[in-house]
Amino acid sequence: MTAATIMLTNPTVLKPTDLISTAARCIMEHRYRSVPVVDEDGCYMGMFGVNCLLRQVLPKAAIMEDGLENVSFIHETLADLHERLREVEDEPVTVCMNTEVETLPPDTPLIKTLLLLYRTKTSIPVVETGTCKLLGMISYWDVGRHILSA
Amino acid sequence: MHPTHEAQVIFGIDPTLYAGVLFVLTYVLIITERMNRAIISLSAACLMILGGVLTQEAAFEGVDFNTLGLLTGMMVIVGITKNSGVFQYLAIWSAKKVNADPWGILVMLVVVTAVLSALLDNVTTVLLIAPVTLLITDALKISAYPYLFAEIFASNIGGTATLIGDPPNIMIGSAVGLSFNDFLFNLAPITLIILPLTMIPIYLIWGRRLDSAPKYREKVMAYREQDAITDTRLLKQSLFVIALVLVGFTLGHQYHLQPATVAMSGAALLLVLNNFPLNSKEQSKTVHKTFCEVEWVTIFFFIGLFIVVYGLETTGLLEMLAHRVIELTGGDLAVTAIAIMWVSAVASAVVDNIPFVATMIPLIENMTETFGGTEQLMPVWWSLALGSCLGGNGSLIGASANLIVAGFAEREGQPIRFLPFMLAAFPLMLMSILVSSVYLYLRYL
């Protein structure tokens, strides 16, 4: 068994030109935690997810390296956060996608795949060896479904 | 500190040549920043011993444990204190005191940074103040650049004012046996002149154009500074210990208490108070976390550097250089003092001021006889302190605090570039040196 066996082929993807507002609607409607961003040649570029949206509404000074640890003195309303999100909603998803999510080649052994899923706590893109082509995604739900139906 | 060890001939190589080449190589490697500075200095220190310039015992004689103890003790105290949130409290409180007026905030943050830098180390100060600055400027929808620029200056000028404010002062104080009060009475007055003077060009370049809409200022006014305090008990303990340490620094000298003893005693007391109510497992965790706050890279950098400079000193090369400097200045105290200040300032703007000061200390010690004794040499020591501390403002690489602030600016998406910073900072730094030269001349020469 390998990563290719348990991955979901043809997952929902975003284009690099998609706006943050479009991407936000997509992940909210389908309750996705993250969606891969893929260019027109099918090349994997990064992941856009709820964390990207949270990053947009939180003060930069709090999320940056060595930033503020205690932010309990900031009292902002939901309207303030929405306003902050509106400031970036017309930007493309590429400005805040996560390019550091670990990817796996399709021939990765099952246990190694599960261990990475356990450690990274996020869906893992499966990318063709030697190219950047996205072949599928591995999520908790797909893995759980495969294990239970075995 | 004068060497008691005599360098041996190494494989037929003149020890002066060996130590000199090793010292120059160390400097070059530190400047190029191709490798971590602690690795460079420790490797060079080992080569000083392995090459036979120093024995291990002699190398340890060269390490200034008073400087190391003072640095480490203060790092522990600050590492514990910062968890109370008091520094964020001060920054927010000061911003609200001026009704979130952008220029008023800049002035207040400069004052807070300068005062904290005088009492703590500069790096810690900017690490704590810069994120709050970015939060405030983000809320006000204004550029953070003038604030960060001004804070760099404030941290280096504030650090100049006291014995514990900047590593060069700690090193000079320890080598010459100067007290906290010596620095306070001799250097603090000039920093009180330089800081407001520096604010004038900052106002003319950026300050007069700083503006923010009332709705954004209201956001800052809505911050509740009391909520920044995360641990009231820790806050009380920390303030109590810091007050005791400051009293120790002020009065300790007359009771022959070295600054390292005062700082380490404060650190030990705060560790006791902080860990007293915890069980042994929790204590291990807290103590481990506290010691992680100590900048071990800096401490090991110092250890290696002290050994390298001591090795060089044993060969007599620094004494030769000292005589050469005296020849160049015609043996005139005023010319020597002013020259050392300007050379230190320019050098500290382009190279790390720690190795520079470590080299200059034995060099200046060798001038004692020429100028008629320790007391007569004092203006030269103040020159070195002023030049090396204020010189750090000359470029982005002039002081560690500058690079920390630049890192924050980069992460905020408003990078501070080397050349534009230097174009504004270098003339400002020269102005501060000019003012210091006048001060030195009028007061001591």
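Reader: How are α13(B) and α14(B) oriented to each other, roughly parallel or roughly antiparallel?
Author: In this predicted model, helix α13 (residues 232-252) of chain B and α14(B) pack at an angle of about 165 degrees, with their axes 9 Å apart. Angles over 145 degrees count as roughly antiparallel, and α13(B) and α14(B) are therefore roughly antiparallel to each other.

Reader: And is that crossing left-handed or right-handed?
Author: The crossing of α13(B) and α14(B) is right-handed.

Reader: Which residues meet there?
Author: On the α13(B) side they include B:Leu234, B:Phe240, B:Val241, B:Leu244 and B:Phe249, and on the α14(B) side B:Pro259, B:Val262, B:Ala263, B:Leu269 and B:Leu273 are among them. Sorted by class, this contact of α13(B) with α14(B) holds 12 nonpolar, five polar and one charged residues.

Reader: What about α4(B) and α14(B), at what angle do they cross?
Author: Helix α4 (residues 65-81) of chain B and helix α14 (residues 259-275) of chain B have axes that come within 7 Å and cross at roughly 30 degrees. Since angles under 35 degrees count as roughly parallel, that makes α4(B) roughly parallel to α14(B).

Reader: Which residues make that contact, and how many are charged?
Author: From α4(B) the contact includes B:Phe65, B:Gly69, B:Leu70, B:Gly73, B:Ile77 and B:Ile80, while α14(B) brings, among others, B:Ala260, B:Met264, B:Ala267 and B:Leu271. The residues of this contact divide into 13 nonpolar, seven polar and no charged. As for the handedness, the crossing of α4(B) and α14(B) is left-handed.

Reader: What volume does the second largest pocket have, and what lines it?
Author: The second largest pocket has a volume of about 530 Å³, and of the 26 residues that line it, A:Arg55, A:Gln56, A:Leu58, A:Lys60 and B:Asp138 are the closest to its centre. At least two lining residues each come from α3 (50-57), α4 (60-63) and α5 (78-86) of chain A, as well as from α7 (122-140) and α21 (400-412) of chain B.

Reader: And how many of its lining residues are charged?
Author: The lining of the second largest pocket has 13 charged residues, along with 11 nonpolar and two polar ones.

Definitions and conventions. Residues are numbered from 1 along each chain as its sequence is written. Chains are lettered from A and ligands numbered from 1 in the order in which they are written. This is a predicted model: local features need pLDDT of at least 70, side-chain atom pairs count only at pLDDT 80 or more; totals for chains, interfaces and linings use all residues. Side-chain values use heavy atoms; hydrogens and water are left out. Axes are lines fitted to C-alpha atoms, for helices over the stretch in contact, and angles run from 0 to 180 degrees between N-to-C directions. Helices (H or I, at least four residues) and strands (E, at least two) are DSSP runs, numbered from the N terminus. Angles under 35 degrees count as roughly parallel, over 145 as roughly antiparallel, 65 to 115 as roughly perpendicular and the rest as oblique. A crossing is left-handed if the near helix is turned anticlockwise from the far one by less than a right angle, and right-handed if clockwise. Contact means heavy atoms within 4.5 Å. Ala, Val, Leu, Ile, Met, Phe, Trp, Tyr, Cys and Pro count as nonpolar, Asp, Glu, Lys and Arg as charged, and the others, Gly among them, as polar. On a 1 Å grid over the protein atoms alone, a cavity is a set of points where a 1.4 Å probe fits but cannot get out, and a pocket is an open set with protein on both sides within 12 Å along at least five of seven lines; lining residues have an atom within 4 Å of a point. Grid points are joined across faces, edges and corners, and a volume is the space filled by probe spheres set on the points.
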